[in-house]
Amino acid sequence: MKSSKREELYGYIFVSPWLIGYILFIVFPVVYSFILSFCKYTLPFTVKFIGLLNYKEIIRDPFFRLSLYNTLYYTLFSVPLGIATSIVIAIILNMRVKGVSVFRTIYYMPAVISGVAVSLLWLVVLDPSYGLINYILSLLHIRGPLWLQDPKWSKPALILMSLWQSGGNMIIYLAGLQQIPEQLYEAATIDGANNWFKFWKITLPLLTPTIFLNLILSIIGSFQIFTQAYVMTGGGPLNSTLFYVLYLYQKGFQSFEMGYASALAWILFIIVLMLTIILFRTSWRWVYYEAEVK
Amino acid sequence: MKKVYWSMSLIVILLLIFDGTGRAVTLRFWTGHGSPDIDKWFDEVLIPQFEQAHPGVKVERLRVPWGELNEKIMTAFAAGTAPDIVFSGTEQIIDEAIKGLARPLNDYIKKWGEYKNFIPMAWKHETIGGKIYRVPIHISSRALMYNKTIFKQAGINPNTIPEKWEQIAELGKKLNLRDDKGNLIRLGADLWYTHQFCQGFYYFLYQNKGKIIADDFSKSLFNSEAGVETLQYFVNLFNELTPPNLPALPSGPIPNFAAGKIAIYVNTPQGISDLEKYAPKEFEFGIAFPFRKSRIIQLYVNGIYITTQSKNPDLAWEFIKFFASSDNLREFNNTYFTINPRKFGAKIDDPFIKQRPLLVAFYEQAQKIGIPYPIIPNYGTLQNRILKDAIDAALYKKMTPKQALEDAAKKWDASLEELRKEGVFEKILGTK
Amino acid sequence: MRRKSSRRYILILLKYLLLITGAVFFLLPFLFMLSMSLSDPHDLFQIPIKIIPRRLIWSNYREAWVGYYPFNLFLKNTILITAIFIIGQVSVCSLVAYSFARLKWRGRNFLFTVLLSTLMLPAQVVIIPQFIYFSKWGWINTYYPLLIPWIFGRGAFPIFLLRQFYMTIPLELDEAAKIDGASYFQIYYKILLPLSKPALGVVAINGFMFQWNNFFEPLIYINDKTKFTLALALRMFQAGEFGTYWHLLMAASVLVALPCFVIFFLFQKYLVEGTIISGGLKG
């Protein structure tokens, strides 16, 4: 057998575990859920084609709008703030600091636990009367809000909690920072640049590819927020933490309206896709690539 | 290549080990009810005794937390892995009948002969369209309990029985205590039984001679004047005692009512066991049956059924018969502190119950003024969405009670209309 | 000259002040968690908050772990699932990545783009159909749905990471091995794999963190309490009648989170190294 043909054969063989799985667990489900979104599917197992009815109902559904709003609100604040926090921490840690590994560990630690454990912890941290945050605020003579008991403060509470875990991304930015060649900074110093200048004109632009990737993945991730709401608030108070995926879960796995839930899933997909495309399209404006620097 | 092969096979073998397959005849028994004492009783008394009497049979008990019972059952039915026997709650009976989860037991019960020994009201709840879907195991209820010791401390006559709505509100206000930071030290009155506002609303609605839904399920009745009045009462009390801008009472390992952190509390008979376990000895508790236009107490009948997917219905029935026998039912209800659905005649002679005046009161009133808990199709949607949001909107003053209930009634009526179109009511009413 | 150095000192001071304040913010919740886990239940929910409890009640840990639910069983379950997950992903994804990185075949670049696109797919689009046919296959209440789709088909991130990493390994090594008569598999197994330890480390650690704390999928697929994972068990603990036993809830949370910390501390170097190497690749 010709060697290139052999190479191709092995190429296919080695990639097949992924490919088969991809077709089985991604392609089929995506197509199936698309079809399902046009059907009514409830127990016991009756599938009825109903055309655009699910989508029409979704448009009229106040919970759809509310859950979308809640999710957008959360994403809009937690992602930029999280990225900014991670970058700031990464920059400070990148400077010559004594005990950098201790600090690095401390800042990264909150990202190490997740899911139910961290939700339970923050349930007590956020308690309005006896929780850590309001206690500290009271020492500063500030009356802390009711956090998870107040519809206006429940999302900010969860955003605060996500900021606490922003150390997880800090490592990625540390890596990105260390990619920036020292010479650039040295050259700038020689030219008389101050730190501020160095940050805005060297550090930040060269970090933009990392930021870009991180931004997309963070947005996709925060759109899917579920566990915190499920464990800590159940969607309340007053549905203020009814996030999109929580609502989808309720529709799909509690009311078992699987057609409707599939339609919800597809709308989520389209929104995320559009956002990603917009980000990619506008990336040329602000993301610096290697080629340009050269 | 070889090493990969071996590690792959190892993975596959490990995965195959997780194929749950049973061997001997196993009855899978899911229960939404339980407590550490009840779980112990099931595992150490009821099940071993049954297994002894039926060699070769194993009973596998699984306790499913309330919030997830419906989900788990639906998922199991969808996957074809439903258990044999399910011990579920009051409201589920309607779904169990309509969605074909429970198997009608009329033939079994006829042969059993114990039908007449149960309170008729209990069977009424478990019978839909002439078919009996469950055997009643225990009856719960709601009543107002109050801490006489706190009354005394606050200068209120401990013999006051808070029965009238205005009385309850007044006492609640007087006994509500906050510190200077606004933290709640003692809640004067909690009428919503651990924040299940809907059930609290139903209870007081019926006291006000209101109804939730028309008997033929044609429309909602909770938006009547009685309903609006009831909700207004709740809204006033809630905003007086626990306004949303002040922190709520946190829950600790010791239930708040037993710890004296709540003065007046809508409680269940099961709650009496908490009082015995946790309340300081010097606390004295009283019980009252509030009313406005009619004296009622709701009977939350809980029963056990055989699933339609069970492959061993006869054996499952044997277990149910055993569980519902006179002795076992008495032991269960005394361990769980609930009302035994078997008739007890004119007087209670069970010493366990007799020594507990609070429990005796429940038994007596259940017989005297007990009304069945209403059957509500699609109650999940009503309670977890429509009515819950309406009550929340009213409590947080986003809408007036009248607006909230009207809005809810409109939505609920639309939902009922859909159910009618699917022919659900014909099944329930047994008519065409 | 003097002004410049005093300005520098102020900046340095500011830097440390920021770092330390931040560190306090990041650390305090952990201390709070530890403190609650060692407290007597009567001492909880008191003002002022005592970070150091009156008496250290170590028995809370024992009580939380064995007193109410069989956490040992849940631990066993979680270890099993996580181990299979990691082994599966590391072995399968590294092989697939090798195919993308080193072997030439038609459609390779196209499929790689396809692979990348799955990173942007919200899981919810596939969850419902997967659930439906897992029910039909009898996979509900087993661990298969938690493992098989992720090892075969959804491991886009590990595959991407590893492929990028392989691309930094000089081709000459491959060539040399080929001349020595190595098969494609041997090149993968004997050359690339040993050299990609940092990247494999990242895949393994990420896999561990993901599966150890995974909540959504076990929530949907596992009904039988005896098959629960630690995440489900913790939730069950909270949602059950012991849900208000905060001292025990915190103790249980500490125990569940502990392995994550241990893994992090032990493999910190790998994580940092691996992220640096693969993070710097912008594909």
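Visitor: What separation do you give for the centres of domain 1 and domain 2 of chain B, and over which atoms is it taken?

Guide: In this predicted model, the centres of domain 1 of chain B and domain 2 of chain B are separated by 31 Å, taken over C-alpha atoms. Domain 1 of chain B covers 21–139 + 301–362, while domain 2 of chain B covers 143–214 + 223–298.

Visitor: What makes you say that these two domains of chain B are in contact, and how many residues take part?

Guide: A contact requires C-beta atoms, placed from the backbone, to lie within 7 Å. In that sense, 9 residues of domain 1 of chain B are in contact with 8 residues of domain 2 of chain B. On the domain 1 side, helix H15 (residues 357–369) of chain B gives the most, with 4 residues, and by class that side has 7 nonpolar, 1 polar and 1 charged residues.

Visitor: Why is strand S9 of chain B called mostly covered?

Guide: A residue is called buried if 20 or more other C-beta atoms lie within 10 Å of its own. Strand S9 (residues 184–190) of chain B has 7 residues, of which 5 are buried, so the strand is described as mostly covered.

Visitor: How do you know that S9(B) pairs with S8(B) and with S10(B), and in which sense does each pair run?

Guide: Pairing requires at least two bridges between the strands. Strand S8 (residues 177–178) of chain B and S9(B) have 2 bridges in the antiparallel sense, so they count as a pair; here Arg178(B) has Leu184(B) as its bridge partner in S9(B). S9(B) and strand S10 (residues 262–267) of chain B have 3 bridges in the parallel sense, and therefore also count as a pair; Ala189(B) has Ile264(B) as its bridge partner in S10(B). The hairpin of S8(B) and S9(B) has 5 residues between the strands, and Gly182(B) takes a positive phi near 95° in that hairpin.

Visitor: Which residue counts describe the contact of chain B with chain A, and which describe that of chain C with chain A?

Guide: For chain B, 14 residues are in contact with 14 residues of chain A; the largest share of the chain B side, 4 residues, comes from H3(B), and that side divides into 8 nonpolar, 3 polar and 3 charged residues. The contact of chain C with chain A takes 67 residues from chain C and 73 residues from chain A. H1(C) provides the largest share of the chain C side, 13 residues, and by class this side has 47 nonpolar, 13 polar and 7 charged residues.

Definitions and conventions: Residues are numbered from 1 along each chain as its sequence is written. Chains are lettered from A and ligands numbered from 1 in the order in which they are written. This is a predicted model: local features need pLDDT of at least 70, side-chain atom pairs count only at pLDDT 80 or more; totals for chains, interfaces and linings use all residues. Domain bounds come from an automatic or database domain assignment. Ala, Val, Leu, Ile, Met, Phe, Trp, Tyr, Cys and Pro count as nonpolar, Asp, Glu, Lys and Arg as charged, and the others, Gly among them, as polar. A residue is buried if 20 or more other C-beta atoms lie within 10 Å of its own, exposed if 12 or fewer, and partly exposed in between; C-beta atoms are placed from the backbone.
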